[in-house]
Amino acid sequence: MTAGWTEGPTEKCGVVGVSLADRDAARPLYYALYALQHRGQESAGIVTHDGFQQYDHVGMGLVGDAFAEADLDGLRGRVGIGHVRYPTAGSVDSSCAQPFSVSFKSGSLGLSHNGNLVNAEEVRDDLEGLGHAFTSDGDTEVIAHDLARNLLDGDLIRAVRRTMDRVHGSYALTIMHDDTVVGLRDPEGNRPLCLGRLDDGYVLASESAAIDVLDGELIRDVRPGELVVLEPDGSGYETYRLVERERTAHCFFEHVYFARPDSVIDGELVYEVRRELGRLLWEESGIETDVVMPVPDSGRAFASGYAEAASEARGDADDADGDGADIEFAEGLMKNRYVGRTFIMPTQDARERAVKLKLNPIRSTVEGRTVTLVDDSIVRGTTSDQLVELLYEAGAEEVHMRIGAPPIVAPCYMGINMATREELIASERTVEEIRERIDADSLAYLSIDAVAEALSRSRADLCLGCVTGEYPYDIDGEATDRDVNRPVVGDEAAGADD
Ligand code: SF4
């Protein structure tokens, strides 16, 4: 992400759930949340159950700050769910921190949600009309109340099915009803969720890296529209495909930017997808330069794939002995890792300073040379011009920019804090106009078809809303890319599942 640290979209959330045979769930959940920290830094929380009652702890900040040893000791029970959050829908304070937990007539409920409902307001209005009182403005509480209501006269599976009939949008959830943990993915599979096996139980998590950190084994992704129910004693799981659609809508941005490179999402190792995107970028718009370098860290895998394909194209792919014939892949921009995400930049001057604080060119790799700078995407583009300028200042003769995703032309409504149309540099500009603005010698983006190829998917099974302006959900004022309608909320017939 060009200057993802100053302007990039922010992920949503990470969710996890475990069910273990003979040890408390709190610490495995805590470690898993650490592995998912990149998906949310605003708050972290865990809810557990010991067969009698529910325990919860939610704190603001990073996982390491949100929990003290005593907090983990107080979270009793062998089952639980966890959450790391970045604000999407809902206000930025502890009332929206998750997991959301509630007690009601037929038990207790905890929810961790990744994604964003498109029709939360309608469902909330309906529930308020039925007497439900809400404590936050987040969409997770809407799901929790709807589910709690459905649980009053149905079992968990039937209740989940009814709620799925009413909510519209993106959700990957881990839910704990009393001491049963379940995972649920929306019928389009927009957000990731996977299932893993541990020595003494099972785990559900947004990304497989969280399973790795627990020494577990990835079983598979939870399927779109599927409910996975973990046995409370950690002995197994059952699955129910509650809704099946012809087309999925996986968020392609997970592979491009959000997910950890070491995670496997929807069957594809993220790192390899990024390298393949880089290779395809070379095939579509490669340009011979002396050196290929990534924007750290987001462009690294893309740049390595791009440089490898460039070297192969030159016919010297076997030149691994470093005699100088390969296209050089170099780290030409050094990153200061101690400039955090919280660096405040109210003025243009401060923003420019931020780029210099964050990245410093290595003059010897740049001076007197032609450079290809590779990144995963450009969102607002407010710092791309400064990156190009940094390289010129360090003596680059030419700077060519290559982007491993298509231009982002529209906002995301599915839980990613992208930007508004007005803020997106590509929403009203041609590639040539953007090139002029960032002052690069050339600029090229990857095509949508190449994205689909790298993800081994058909275009029809991806969400491409932010690059096409057509969405897989029925969103007010926006076009859809398929035949889709919001559920009619309040119509009891719409909620029937049989
Ligand atoms: S609009 Fe873009 S970022 Fe949002 S879910 Fe779709 S592909 Fe992902």
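**View 1. Asp375 and its strand in the predicted model.** D375 belongs to strand β22, which covers residues 370-375, in a structure that is a predicted model rather than an experimental one. Because 25 C-beta neighbours are found inside 10 Å of D375, and 20 or more are enough for the label, this residue counts as buried.

**View 2. Asp376, in a loop.** D376 is placed in the loop that runs between β22 and α14, the latter being residues 384-393. The count for D376 is 27 C-beta neighbours inside 10 Å, and D376 therefore counts as buried.

**View 3. A UniProt binding site made of S298, D375 and D376.** The unreviewed UniProt entry lists S298, D375 and D376 under "binding site". These residues are spread over 79 residues of sequence, and yet they cluster in space, with a largest C-alpha distance of 6.4 Å.

**View 4. A UniProt binding site made of four cysteines.** Under "binding site", the unreviewed UniProt entry also lists C251, C412, C463 and C466.

**View 5. Cys412 and its surroundings.** C412 sits in the loop between β23, residues 398-403, and β24, residues 416-417. It has 21 C-beta neighbours inside 10 Å, so C412 counts as buried. When neighbours within four places in sequence are left aside, the contacts of C412 are M418, G465 and C466, and C466 is itself among the residues listed by UniProt for the cysteine site.

**View 6. Cys463 and its surroundings.** C463 is found in strand β26, which consists of residues 462-463, and because it has 26 C-beta neighbours inside 10 Å, C463 counts as buried. Not counting residues up to four places away in sequence, C463 touches N190, A249, H250, C251, F252, M414 and P472; of these, C251 is another cysteine in the UniProt list.

**View 7. The packing of helices α10 and α11.** Helix α10, residues 270-285, packs against helix α11, residues 300-313, at an angle of about 45 degrees and with the two axes 7 Å apart. This angle is the reason why α10 is described as oblique to α11, and the crossing of the two helices is right-handed. Residues of α10 that take part include Y271, R274, L277, L281 and W282, while those of α11 include F302, Y306, E308 and A313. The residues of this contact divide into eleven nonpolar, three polar and six charged.

Note on methods
Residues are numbered from 1 along each chain as its sequence is written. This is a predicted model: local features need pLDDT of at least 70, side-chain atom pairs count only at pLDDT 80 or more; totals for chains, interfaces and linings use all residues. Axes are lines fitted to C-alpha atoms, for helices over the stretch in contact, and angles run from 0 to 180 degrees between N-to-C directions. Helices (H or I, at least four residues) and strands (E, at least two) are DSSP runs, numbered from the N terminus. Angles under 35 degrees count as roughly parallel, over 145 as roughly antiparallel, 65 to 115 as roughly perpendicular and the rest as oblique. A crossing is left-handed if the near helix is turned anticlockwise from the far one by less than a right angle, and right-handed if clockwise. Two residues are in contact if their C-beta atoms, placed from the backbone, lie within 7 Å. Ala, Val, Leu, Ile, Met, Phe, Trp, Tyr, Cys and Pro count as nonpolar, Asp, Glu, Lys and Arg as charged, and the others, Gly among them, as polar. UniProt positions are given in the numbering used here, feature names are shortened, and annotations may be inferred rather than shown by experiment. A residue is buried if 20 or more other C-beta atoms lie within 10 Å of its own, exposed if 12 or fewer, and partly exposed in between; C-beta atoms are placed from the backbone.
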